[in-house]
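Student: I have a structure open, and I would like to learn how to read it. Can you take me through some of its features?

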Amino acid sequence: MSGDLVVVGAITLPGVPRSVANARRFLRDMLPPAHPALDDLMTVGSETVCNAILHTASGDGGWVTVSLLVGEGVHRLEVADDGADGRRPRVKPEDGAECGRGMRIVEALSDRWGYRTDGDRTIVWAEFRFANSFGNSDMGLSRVSSTLMASAFQGGDQ
């Protein structure tokens with residue numbers, strides 16, 4: 001782990017496809033619009049949440065938890081699933097297929113990534129380094145808040 005990291009936000013979402021958009025919204029609201037890591041962090045968040053829903057018990061009536069941690073010059077995204085029967089994330093070699101690119105995207109956009117286990121669960125993490133030139137005490141976090149929690153649990157399985 002990189003230095004002293006502090007959890008600045010976490011959200012647990014149902015393992016359904018609409019949760020990918022809600023995870024992106026959560027991450028977007030955690031950082032100011034001009035933050036240098038915002039686009040990459042949101043893209044990696046989408047990929048890892050989507051993978052959790054598609055490839056683990058999270059997508060079979062389970063849950064996925066997205067956490068954002070910060071430290072001096074680093075943001076760490078963590079996505080915890082409900083377990084994948086011992087399977088772990090890996091970067092697949094390029095074979096021209098339309099699927100299987102998620103972890104290559106994670107590897108390409110983050111400065112480092114990995115995973116750890118928690119019982120049956122897997123927590124995939126990705127770190128994004130940036131020059132902490134914001135000069136504020138909230139380490140670059142956005143003060144904007146949305147109605148994410150209300151929207152996260154509305155509607156069907158879309």
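This is a predicted model: local features need pLDDT of at least 70, side-chain atom pairs count only at pLDDT 80 or more; totals for chains, interfaces and linings use all residues.

Student: In which sense do strands E1 and E2 pair?

Tutor: Start with the terms. Strands (E, at least two residues) and helices (H or I, at least four) are DSSP runs, numbered from the N terminus. Two strands pair if DSSP finds at least two bridges between them. Here E1 (residues 6–14) and E2 pair in the antiparallel sense, over 8 bridges. Ala-10 has Ser-67 in E2 as its bridge partner.

Student: How many bridges join E2 to E3?

Tutor: There are 7, and these strands run antiparallel. Gly-71 is bridged to Val-74 in E3. E2 and E3 form a hairpin with 2 residues between them. In the turn, Gly-73 has a positive phi of about 75°.

Student: Is E2 mostly covered or mostly open?

Tutor: Buried means under 20% relative accessible area, exposed over 50%, and partly exposed in between (1.4 Å probe, protein chains only). In E2 (residues 63–71), 8 of the 9 residues are buried, so the strand is mostly covered.

Student: What span should helix H2 have?

Tutor: The expected span is 1.5 Å times one less than the number of residues. H2 (residues 38–55) has 18 residues and should span 26 Å. Its end C-alpha atoms are 25 Å apart, which agrees.

Student: Which elements do the buried residues of H2 pack against?

Tutor: Contact means heavy atoms within 4.5 Å. The buried residues of H2 pack against H1 (18–30), E2, E3, H3 (102–109) and E5 (121–129).

Student: At what angle do H2 and H3 pack?

Tutor: Axes are lines fitted to C-alpha atoms, for helices over the stretch in contact, and angles run from 0 to 180 degrees between N-to-C directions. The angle is about 155°, with the axes 9 Å apart. Over 145 degrees counts as roughly antiparallel, so H2 and H3 are roughly antiparallel to each other.

Student: Where does Thr-48 lie, and what does Thr-48 touch?

Tutor: Thr-48 lies in helix H2. Thr-48 counts as buried because its relative accessibility is 6%. Not counting residues up to four places away in sequence, Thr-48 touches Leu-77, Val-79, Val-106 and Val-124.

Conventions. Residues are numbered from 1 along each chain as its sequence is written. Side-chain values use heavy atoms; hydrogens and water are left out. Angles under 35 degrees count as roughly parallel, over 145 as roughly antiparallel, 65 to 115 as roughly perpendicular and the rest as oblique.
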